[in-house]
Amino acid sequence: MPLEYYFMLAGLVLLLIEFVVPGFGIFGVSGMVCLTVGGFYVLGGNAWAALVLLAVYLFLVLVITLLCVYLPKESKYNPFVLWTRQKNSEGYTGGKTGACWWAKEVQP
């Protein structure tokens with residue numbers, strides 16, 4: 001098995017590790033570098049291969065940019081928004097204005 005296939009396999013493994021164990025992106029960046037190097041040599045290792053990889057990465061940047069611009073800001077696709085409301089009628093209370101949990105008097 002040629003070396004470029006080992007680079008591509010290592011890149012996939014590193015990206016899977018980054019997906020399972022999110023961290024500082026070291027595995028993800030290393031995986032992208034390995035995939036790029038492997039893809040460069042699989043495509044021939046010449047200027048045409050570099051142009052193809054550049055076109056692929058520019059296309060990915062364009063797609064990600066368009067998704068960020070045109071997806072609604074308040075959509076169900078946003079995993080960081082709590083979509084269920086906590087209502088007072090259901091027993092949720094926010095406490096008194098200006099009161100803190102550590103400043104409450106202790107009941108004997």
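## How α2 meets α3

Helices α2 and α3 (the latter spanning residues 47-70) pack at an angle of about 140°, and their axes lie 9 Å apart. That angle makes α2 oblique to α3. Keep in mind as you explore that this is a predicted model.

Which residues of the two helices meet here? On the α2 side they are M32, T36, G39 and F40, and on the α3 side they are A49, A50, L53 and Y57. Sorted by class, the contact of α2 with α3 has six nonpolar and two polar residues, with no charged ones.

## A closer look at L53

Let's pick one residue from this contact and follow it. L53 is found in helix α3. Is L53 buried or exposed? Its relative accessible area is 15%, and residues under 20% count as buried, so L53 is buried.

What does L53 touch, once its neighbours within four places in sequence are left aside? L53 is in contact with T36, G39, F40 and L43. Take F40 as an example: F40 and L53 are 13 residues apart in sequence, while their C-alpha atoms are 7.1 Å apart in space.

## How α1 meets α2

Now turn to the other helix pair. Two packed helices are described by the angle between their axes and the distance between the axes. For helix α1 (residues 3-20) and helix α2 (residues 26-42), the axes come within 7 Å and cross at roughly 155°. Angles over 145 degrees count as roughly antiparallel, and α1 and α2 are therefore roughly antiparallel to each other.

The crossing has a handedness too: α1 passes α2 in a left-handed crossing. By class, the contact of α1 with α2 has 16 nonpolar residues, along with six polar and two charged ones.

## The chain as a whole

Now step back and view the whole chain. How many helices and strands are there? The chain has three helices and zero strands. Reading from the N terminus, the elements run α-α-α.

The chain has 108 residues, and buried residues make up 11% of them. Its accessible surface comes to about 9600 Å², and 71% of that surface belongs to carbon and sulfur atoms.

Finally, consider contacts between residues at least 6 apart in sequence: 33% of these join residues at least 24 apart.

How values were computed:
Residues are numbered from 1 along each chain as its sequence is written. This is a predicted model: local features need pLDDT of at least 70, side-chain atom pairs count only at pLDDT 80 or more; totals for chains, interfaces and linings use all residues. Side-chain values use heavy atoms; hydrogens and water are left out. Axes are lines fitted to C-alpha atoms, for helices over the stretch in contact, and angles run from 0 to 180 degrees between N-to-C directions. Helices (H or I, at least four residues) and strands (E, at least two) are DSSP runs, numbered from the N terminus. Angles under 35 degrees count as roughly parallel, over 145 as roughly antiparallel, 65 to 115 as roughly perpendicular and the rest as oblique. A crossing is left-handed if the near helix is turned anticlockwise from the far one by less than a right angle, and right-handed if clockwise. Ala, Val, Leu, Ile, Met, Phe, Trp, Tyr, Cys and Pro count as nonpolar, Asp, Glu, Lys and Arg as charged, and the others, Gly among them, as polar. Buried means under 20% relative accessible area, exposed over 50%, partly exposed in between (1.4 Å probe, protein chains only). Contact means heavy atoms within 4.5 Å. Accessible areas come from the Shrake-Rupley method with a 1.4 Å probe; for residues, only the protein chains shown count as cover.
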